[in-house]
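Dear colleague,

I am handing over the structure we spoke about, and below it you will find an account of what came out of it. Please read it with the structure open beside you.

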Amino acid sequence: MPDRMQKYVTLGRRMADKRTPRDRVRDHREILPDFTKDEAAAQASRCEQCGTPFCQVYCPLHNNIPDWLKMTAEGRMEEAYHLAQATNNFPEICGRICPQDRLCEAKWACTLEQAGHGTVTIGAVERHIGDTAWAAGWVKPRVPARLTGRSVGIVGAGPAGMAAAEELRAAGHAIHLYDRHARMGGLMSYGIPEFKMEQQVVARRAGLLTEAGVIFHGGKVLGSNLAFADLHKQHDAVVLAYGAYQPRKLDLPGEDLAGVIPAMDYLVSSSRALIGETVAPEIDAAGKWVVVIGGGDTAMDCMRTAVRQGAEGVTCLYRRDRANMPGSAREVGHAEEEGAEFDWQSQPEALSDVPVEVIASRPEGFGQRDAVRTVRACRTRLGAPDTAGRKQPEPVSGSAFEVAADLVINALGFMVEDANRLTSGAVNMSSQGRVAADRESRVTAAPGVFVAGDARLGPSLAVWAIREGREVAGAVDRYLGTLPEFCDADTLCETRIGVPVCG
Ligand code: FAD
Ligand code: SF4
Ligand code: SF4
């Protein structure tokens, strides 16, 4: 064992210093800076170099974590980058946004945590490796050595679509990436706020795909101005990677009042303004009492965005307690530091256009015609666990209370849009409400049509979407290899995109 490693005995876990809450709520920039070279080397050197590294097992990409930690500790950064990107298309992105406390750095994953030393800061080191590589110019477009003449259409330019595009382009295929938005990134550009990951981090990856020859078609909506039949005819294979965007309904009286909005509408409106696609956010929390309903990371992103927009107050109503919420504990901490409040074990019952102070003196006056002014909720107690082991909340009778609200954000989660509708009946949905496909081949009911990412898994994580993109790329490449040979360059091949290649 090199003496540069196993420093956990004398060196504690340490992250880079976060910006102070006071400073960070003044803008939307990232709250956590990169490690310096020395900090990254020191933190990487804490790794025990386990024979069976559970960190790697719990990373969805099975990154070779111990080896790139060792290389970082030894200052071999270029090697570390090439090793990191061999299994992960976007290491600096995962280093920033993976919920490491539930994956590679979970208490059951890193041996050091189990021994009471605190996990290795795996995500922060991975980010440092990626950022160092970009700064040094080691990140290059994966331009194919030869072209196959085959063409693939990918719908959805999120992490799944982008990873699939990079892999399939490197394999020599013509890649057309279609998206409803004007730029690539999916939720990484339009959902995940800049205080978790700044836009240029995604934009430079998008630029790299363009340099490799991936052709991006923004403003194309499957089922609207992009017909599935045309797509299927134009390309040898199609990948559906359109994510999960349909908001779950609140199912509450008053849900249709003005000022009650889905979380994605709110976050997209903020992102588009910050990117410069609009002059100002179409939905602005400035000066408003904001209530966010839900307990996942999306809820936290909405709360922290509202704080930055200058909301009067931001409260999250969540029906379970802190220990049983689905969101990352790290993100709850960030939201609390920034002044957002959590009302644990509270379940909304109705939304009203009558102000709180009026309802207090006129309990029967719970109007529902105008803009929202009040949320009525009740307390819950946690009952028996469900089949997934999560304790079920039960309303406590006689515990109703009201909260003032002039912006209510529904962050209850998302469902996958009906593929059957988007493809005019060619592709089916599973009984779990996801795009149905063979588990191994990823092929849907339509020949040559594949699915990846949240559209296949349901709402998940960027790192799982990257894995999906890599796996579907392998499946598509194998499928293309089974198609009959052709050599008529005038009518086939890449003439479809105006670039003859065979000559
Ligand atoms: P998406 O990223 O959703 O991309 C799908 C793309 O398809 C989008 O660009 C969309 O515009 C496009 N599209 C949709 N419908 C159509 C259509 N009909 N026609 C054309 N294009 C279409 N994960 C993490 O790991 N860390 C986080 O911190 C994190 N934070 C999140 C915060 C929020 C608010 C949300 C909602 C999710 C978050 N996630 C996070 C989850 C993560 O972003 C997703 O799991 C991941 O982006 C899914 O990747 P995808 O490529 O399958 O889909
Ligand atoms: Fe950890 Fe995510 Fe990196 Fe895997 S990709 S090592 S889970 S930060
Ligand atoms: Fe290093 Fe922790 Fe992984 Fe072991 S589990 S190899 S200590 S990062």
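In helix α4, the residues D67, W68, M71 and T72 meet M77, E79, A80, L83 and A84 of helix α5, where contact means heavy atoms within 4.5 Å, and where helices (H or I, at least four residues) and strands (E, at least two) are DSSP runs numbered from the N terminus. By class, this contact of α4 with α5 holds six nonpolar, one polar and two charged residues; Ala, Val, Leu, Ile, Met, Phe, Trp, Tyr, Cys and Pro count as nonpolar, Asp, Glu, Lys and Arg as charged, and the others, Gly among them, as polar.

Please bear in mind that this is a predicted model, in which local features need pLDDT of at least 70 and side-chain atom pairs count only at pLDDT 80 or more, while totals for chains, interfaces and linings use all residues. Residues are numbered from 1 along each chain as its sequence is written, chains are lettered from A and ligands numbered from 1 in the order in which they are written, and side-chain values use heavy atoms, with hydrogens and water left out.

The axes of α4 (residues 65-73) and α5 (residues 77-87) come within 8 Å and cross at roughly 165°, axes being lines fitted to C-alpha atoms, for helices over the stretch in contact, with angles that run from 0 to 180 degrees between N-to-C directions. That angle makes α4 roughly antiparallel to α5, since angles over 145 degrees count as roughly antiparallel, those under 35 as roughly parallel, 65 to 115 as roughly perpendicular and the rest as oblique.

Finally, ligand 2 is surrounded by 13 residues, of which the closest are C59, C98, Q100, C104 and E126; a residue is near a molecule if one of its heavy atoms lies within 4 Å of it. The shell around ligand 2 divides into nine nonpolar residues, three polar and one charged.
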